[in-house]
Amino acid sequence: MVDDVGYGLLLDRQQCLALLRTASLGRVIYTHRAMPAVRPVRFTVVDDAVVFAVPPGSPLYAGARDAVVAFEVDEFAADSGAGWYVSLLGRATESGAVDLGALACPCPVPTPAGHRFLRVPAETISGHRIACHAE
């Protein structure tokens with residue numbers, strides 16, 4: 001189904017979760033000092049939630065923990081403009097340690113000691129597959 005604002009084919013929940021599992025770098029949108037803030041994070045998907053590591057003293061940890069946040073990930077081909085994006089909303093809560101070495105990234109990086117893990121369940125999730133602009 002094509003959405004009503006022209007962003008391409010609307011994806012269902014399972015398609016969105018499947019695409020999330022293919023990525024390893026996303027963006028967390030949270031509030032910092034009463035303003036919107038965005039930070040890239042390496043993440044993994046556990047069940048229907050994204051999990052990522054953050055330093056406990058960081059603005060991201062302070063602003064996201066126990067708050068509703070947005071999370072976005074996408075992939076686009078620069079030459080054709082085709083690709084997809086997935087956005088989700090959920091309350092970020094502290095989680096137990098997760099093996100982020102299993103990321104879909106070809107260069108996995110070990111989680112630094114002392115980092116905390118935040119888990120954001122996909123309470124609301126949406127996505128679009130975008131075809132080449134010439135199609």
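Helices (H or I, at least four residues) and strands (E, at least two) are DSSP runs, numbered from the N terminus. Read along the sequence, they follow the pattern β-α-β-β-β-α-β-β-β-β-β, which amounts to two helices and nine strands. Please keep in mind that this is a predicted model, where local features need pLDDT of at least 70, side-chain atom pairs count only at pLDDT 80 or more, and totals for chains, interfaces and linings use all residues. Residues are numbered from 1 along each chain as its sequence is written, and side-chain values use heavy atoms, with hydrogens and water left out.

**The chain as a whole**

- Taking contacts (heavy atoms within 4.5 Å) between residues at least 6 apart in sequence, 68% join residues at least 24 apart.

**The aromatic pairs**

- A search of the whole structure finds two aromatic pairs; rings of Phe, Tyr and Trp (its six-membered ring) pair if their centres lie within 6.5 Å, and planes under 30 degrees apart count as stacked, over 60 as edge-to-face and the rest as tilted.
- Phe43 and Phe71 have ring centres 4.9 Å apart and planes at 75 degrees, so this pair is edge-to-face.
- Phe43 sits in strand E3 (residues 35–46) and Phe71 in strand E5 (residues 68–76), so the pair ties together parts that are 28 residues apart in sequence.
- Phe43 is buried with a relative accessible area of 0%, and Phe71 is buried with 2%.
- Phe52 and Phe71 form a stacked pair, at 6.4 Å centre to centre with 15 degrees between the planes.
- This pair also links distant parts of the chain, as Phe52 belongs to strand E4 (residues 49–54) and lies 19 residues from Phe71 in strand E5.
- Phe52 is buried, as is Phe71, and ring pairs link Phe43, Phe52 and Phe71 into a cluster.

**The nonpolar core**

- A nonpolar core is a set of buried Ala, Val, Leu, Ile, Met, Phe, Trp, Tyr and Cys residues joined through side-chain atoms within 4.5 Å.
- The largest one has 29 residues, and those with the most contacts inside it are Leu20, Phe43, Phe52 and Phe71.
- Elements that each supply at least two residues of this core include helix H1 (13–20), helix H2 (59–64) and strand E6 (83–91).
- Not counting residues up to four places away in sequence, Phe71 touches several residues, among them Leu20, Val28, Ile29, Phe43 and Leu88.

Methods:
Buried means under 20% relative accessible area, exposed over 50%, partly exposed in between (1.4 Å probe, protein chains only).
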